[in-house]
Amino acid sequence: MGKSNLIEAVVPIFRDLDAGPENIRLTPFPYEIEYTVHGAEVQINHDPSLPRNRTKILLNGTPLPASKVMGTMANAILPDTVFAYYSGPSNRLESIFDGPLADFRDAMIQRKFDVRQRMLYGRPIHSKFVLLSFLA
């Protein structure tokens, strides 16, 4: 129970961290998350009720300013890909991916080929491909 709600909370965290310093989306809820990525231990504590220093980030126990992490260090602390698939009839999860997908599309139209699409959403039409990728 609550699997979809958990996914719908975790995905915005990574979406907002990946947004970059020029377009930071402030996650509207407080959270603490710890994970390992690329061999590094990452701890993030976010509290939107604070007027300053809302997001504290530790990389292997060393504090990093959020502006640096969301810019030059993003690849070091973020997963290469955030992929989600939701088989239910709701589009709540899909709507979380709308902004990053539009940003990626706009970057491709502007021929900014160094931009990567970190946020991927598998729509129900892709369900057989999702199943095949997990089996592979």
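Which residue forms a salt bridge with Arg-92? Hold on to that for a moment, everyone, while I say what we are looking at. This is a predicted model, where local features need pLDDT of at least 70 and side-chain atom pairs count only at pLDDT 80 or more, while totals for chains, interfaces and linings use all residues. Residues are numbered from 1 along each chain as its sequence is written, and side-chain values use heavy atoms, with hydrogens and water left out.

Now, back to Arg-92. Its salt-bridge partner is Glu-8, with the closest N and O atoms 3.0 Å apart. Arg-92 lies in helix 4 and Glu-8 in helix 1 (residues 3–18), so the pair ties together parts that are 84 residues apart in sequence. By salt bridge I mean a side-chain nitrogen of Lys or Arg within 4 Å of a carboxyl oxygen of Asp or Glu. Helices (H or I, at least four residues) and strands (E, at least two) are DSSP runs, numbered from the N terminus.

How covered are these two? Here, buried means under 20% relative accessible area, exposed over 50%, and partly exposed in between, using a 1.4 Å probe and protein chains only. Glu-8 is buried at 15%, whereas Arg-92 is partly exposed at 42%.

The count comes to four salt bridges. Among them is the one between Arg-15 and Asp-16, at 2.7 Å from N to O, and both of those residues are buried. Another joins Asp-106 and Arg-105 at 3.0 Å, N to O. Asp-106 is partly exposed at 31%, and Arg-105 is partly exposed too, at 48%.

Let's stay with helix 4 for a bit. Helix 4 has 18 residues and reaches 27 Å from its first C-alpha to its last, close to the 26 Å expected. That expected span is 1.5 Å times one less than the number of residues. Where is the kink in helix 4? Look at Asp-98, shortly before Pro-100, where the kink is about 35°. The bend at a residue is the angle between axes fitted to the seven residues ending there and the seven starting there. The buried residues of helix 4 include Leu-93, Ile-96, Phe-97 and Pro-100. An α-helix has 3.6 residues a turn, so residues three or four places apart point the same way.

Next, the strands. Strand 2 (residues 40–46) and strand 3 run antiparallel and are joined by five bridges; two strands pair if DSSP finds at least two bridges between them. Across that pairing, Gln-43 stands opposite Leu-58 of strand 3. Strand 3 also pairs with strand 4 (residues 62–64), again antiparallel, over three bridges, and there Ile-57 has Leu-64 as its bridge partner. Strands 3 and 4 form a hairpin with two residues between them, and Asn-60 in the turn has a positive phi of about 55°.

Which residues make up the covered face of strand 3? They are Thr-55, Ile-57 and Leu-59, while Lys-56 and Leu-58 are on the uncovered face.

Last stop, helix 5 (residues 127–135), where we find Leu-131. Leu-131 is exposed, at 52% relative accessible area. Ser-127 is also in helix 5, and its C-alpha is separated by 7.7 Å from that of Ser-87, 40 residues apart along the chain. Ser-127 is partly exposed, at 26%.

That's the tour, so please jump in with questions!
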